[in-house]
Amino acid sequence: MAVNLRKKYYSKIVNFIVLFLMLFSSDPVEACTAFCLKTDKQIVLAKNLDWPINNGLLFTNKRGIYKTAFINHVKKISWLSKYGSITFNQFGKEFPLGGMNEKGLVIEELNSWGEPPNNSDAYKINEFQWVQYCLDNFSSIEEIIKSQDNLEIEPLFVNLHYLVCDSHGNTLIIEFYEGESHIYSGDDIVYPILSNNTYKNSLKYLKNFQGFGGDLSLSNDNTSGERFVRVASMMQENNLMDYEDLK
């Protein structure tokens, strides 16, 4: 059983990498971008990672392991991992940049900016371990949304935002700025894409371009906004925006 699950995880990860290279092989980007596709009864969440650190490890994370949040706060959360997962880590075990659990929940993080919320009554966890916490405990985006009422991210290094997809192809974007959490799901997600701007500002910028209500032509710049527009254009041109929900 474990061997079959591991093969499935690695197969999925390879699919993510291959698809992303195919989409961007003619015009490579120079910063992080993530997106989710559903087509031909398949779901793919892909991300490129351009970062000064070029080494990382793939970790197999087991079920039934007791864990505690690594954070200097009185209300640090503890839990017992419910699901196994595979993650890509650069800062040590339990601090993944992204991964997928055995229920098909996939999470990827990207750098963002802004002031996260600070509720003294909420349990705290750091920005990377939050990814592992969700993979350990949840099988759907609905479960992650419910967890936000009692759990807050307190960054150790940098403010992040997250693109999440579950096995039904439901997508979720979570980001933090202006002291608040901003959660997008369902019809709120017009394009399941993240770069390094807030999702709201990315959608606003997209409206300036041809095909999205504006007059500007797509450029070859690798700014966060341009990367968002480039992926949205590819998805629209290849009819990857209209699909049936997977059950």
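Tyr 199, Ser 202, Leu 203, Tyr 205 and Leu 206 of helix H4 touch Gly 225, Glu 226, Phe 228, Val 229 and Ala 232 of helix H5, where contact means heavy atoms within 4.5 Å. Seven of the residues in this contact are nonpolar, two are polar and one is charged; Ala, Val, Leu, Ile, Met, Phe, Trp, Tyr, Cys and Pro count as nonpolar, Asp, Glu, Lys and Arg as charged, and the others, Gly among them, as polar.

The model is predicted, with local features requiring pLDDT of at least 70 and side-chain atom pairs pLDDT 80 or more, while totals for chains, interfaces and linings use all residues. Residues are numbered from 1 along each chain as its sequence is written, and side-chain values use heavy atoms, leaving out hydrogens and water.

Helix H4 (residues 199-206) packs against H5 at an angle of about 70 degrees, and their axes lie 9 Å apart. Axes are lines fitted to C-alpha atoms, for helices over the stretch in contact, with angles from 0 to 180 degrees between N-to-C directions. H4 is therefore roughly perpendicular to H5 (65 to 115 degrees).

Twelve of the 14 residues in H5 are buried (under 20% relative accessible area, 1.4 Å probe, protein chains only), including Phe 228, Val 229 and Met 234. Just after H5, Asn 239 has a positive phi of about 55 degrees.

How values were computed. Buried < 20%, exposed > 50% of the residue type's maximum accessible area, 1.4 Å probe, protein only. Helix = DSSP H or I, 4+ residues; strand = E, 2+ residues; numbered from the N terminus. Parallel < 35°, antiparallel > 145°, perpendicular 65-115°, else oblique.
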